[in-house]
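I opened this entry to keep track of what I looked up, one topic at a time. The sequence and structure come first.

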Amino acid sequence: MKTNLKNLSIKEMERFLESLGEKKFRAKQIFSWIYKGADSFEEMTDLSKDLRSKLAEDAEIKKLNILKVQNSEKDGTRKYLFGLDDGNSIEAVFMKYKFGNTVCISSQAGCRMGCSFCASAINGLQRNLTAGEMADQIISIEKDTGEKIGNVVVMGTGEPLDNYENLSGFLRNIHEKDGLNLGMRSITVSTCGLIPKMLEIAADFPQINLAVSLHAPNDTVRSKLMPISKRYPMNELLEACRQHIEKTSRRITFEYALVKGANDSDGNAEELASKLRGINCHVNLIPLNRVSETGFSGTERKDADRFREILERRGIQVTIRRELGSDIDAACGQLRLKNNGN
Ligand code: SF4
């Protein structure tokens, strides 16, 4: 079987080249071509013809197929459905923010965390994405849009920390100078709260932004939305967040999807403010995009504003996330679900 070079780090590529009897310094050249978007060895014009044909025999550079693109007329958001070579599909979103172009990528095909409001959970986990498949979402979008990506959020389909090894390889590769040269501080990884891995990522990647999906002020509400809260109750989760902050000296973001009638009352806001008191954090309120398959709908804007005001009054830093791509299937997992014919 041919080695997919997109999955390798520079060190691994050096070892691979040595196994072919080649000089290891070639690894950086090849790595840099891959992250510039080269799909074939023919494009790598600074390699000898000999080496290019040797590589073509033993290695390959797999790429994602763009199956569908939805373009928002309103704000330039572009949502991609990519096909994997085993027939699975995944989604990524390109967004234009004032602070730069941002791509939200998937880390798994499907997800086994079972959050009840989420379209990605409906068919469970199909498989983990490789480091190369995660990077390729960014590389393909840069090629397709012709725009440089400045920020990456790993917040699409999947629980990134449930695919920790591949996620780590991906983060190191895109951070490489010869890769996408993305600063760790420009990368955000989200989690529904896998505590042991949250502490691991604090040690391995202290500069990365961690976004914890809270979505509730207590275990009773949370367990109705997120089964993970039965394994890791909220007091343990918040304690892990405190430890994460202490270890990294970085502020944590709490994601809170406002679900109509489920977690958006004044009492919920008051309780959330009390729980987060003293934690160096920022709360991101997300008006949930309606996903007809889950039966949930988002809180209305005026109620979201009221929820935000309560948190602000209690000294919590909070923003309501700008709704991007509201004219396309912007909720995570929606496009993929449609493609599967569900
Ligand atoms: S919200 Fe995130 S963690 Fe929960 S099921 Fe969806 S993709 Fe998985």
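I started with Cys-111, which is buried at a relative accessible area of 10%. The model I am reading is a predicted one.

**Ligand surroundings.** I then looked up which residues lie around the ligand. Cys-111 is one of them, along with Met-113, Gly-114, Cys-115, Cys-118, Ala-121 and Gly-158. I sorted this shell by type and got 5 nonpolar residues, 2 polar ones and no charged ones.

**Cysteines.** How many disulfides does the structure hold? I found 0. I checked Cys-281 as a case. The closest cysteine sulfur to that of Cys-281 belongs to Cys-241 and is 8.8 Å away. A disulfide needs the two sulfur atoms within 2.5 Å, so 8.8 Å is too far for a bond. I also noted that Cys-281 is buried, with a relative accessibility of 5%.

**Overall form.** I counted 12 helices and 14 strands in the protein. Along the principal axes, the C-alpha atoms fill a box of roughly 70 × 45 × 35 Å. Of the 342 residues, 56% are buried. I also looked at contacts between residues at least 6 apart in sequence, and 66% of these join residues at least 24 apart.

**Core.** The largest nonpolar core contains 101 residues. I wrote down the ones with the most contacts inside this core: Leu-5, Leu-55, Leu-167, Phe-170, Phe-254 and Leu-276. I followed up on Leu-55. Setting aside neighbours within four places in sequence, I found Leu-55 in contact with Leu-5, Phe-16, Leu-17, Leu-20, Ile-30, Phe-41 and Leu-47.

**A loop residue.** Is Leu-182 buried or exposed? I first placed Leu-182 in the loop between helix H5 (164–175) and strand S10 (187–191). Its relative accessible area is 5%. Buried means under 20%, so Leu-182 counts as buried. I then listed what Leu-182 touches, not counting residues up to four places away in sequence: Ile-149, Gly-150, Asn-151, Val-152, Ile-174, His-175 and Ile-187. Last, I took the separation between the C-alpha atoms of Leu-182 and Gly-21, and it came to 32 Å. Along the chain, these two residues are 161 residues apart.

Definitions and conventions
Residues numbered from 1 in each chain as written. Predicted model: local features only at pLDDT ≥ 70, side-chain atom pairs only at ≥ 80, totals over all residues. Heavy atoms only, no water. Near = heavy atom within 4 Å. Nonpolar A, V, L, I, M, F, W, Y, C, P; charged D, E, K, R; others polar. Core = buried A, V, L, I, M, F, W, Y, C linked by side-chain atoms within 4.5 Å. Buried < 20%, exposed > 50% of the residue type's maximum accessible area, 1.4 Å probe, protein only. Contact = heavy atoms within 4.5 Å. Helix = DSSP H or I, 4+ residues; strand = E, 2+ residues; numbered from the N terminus.
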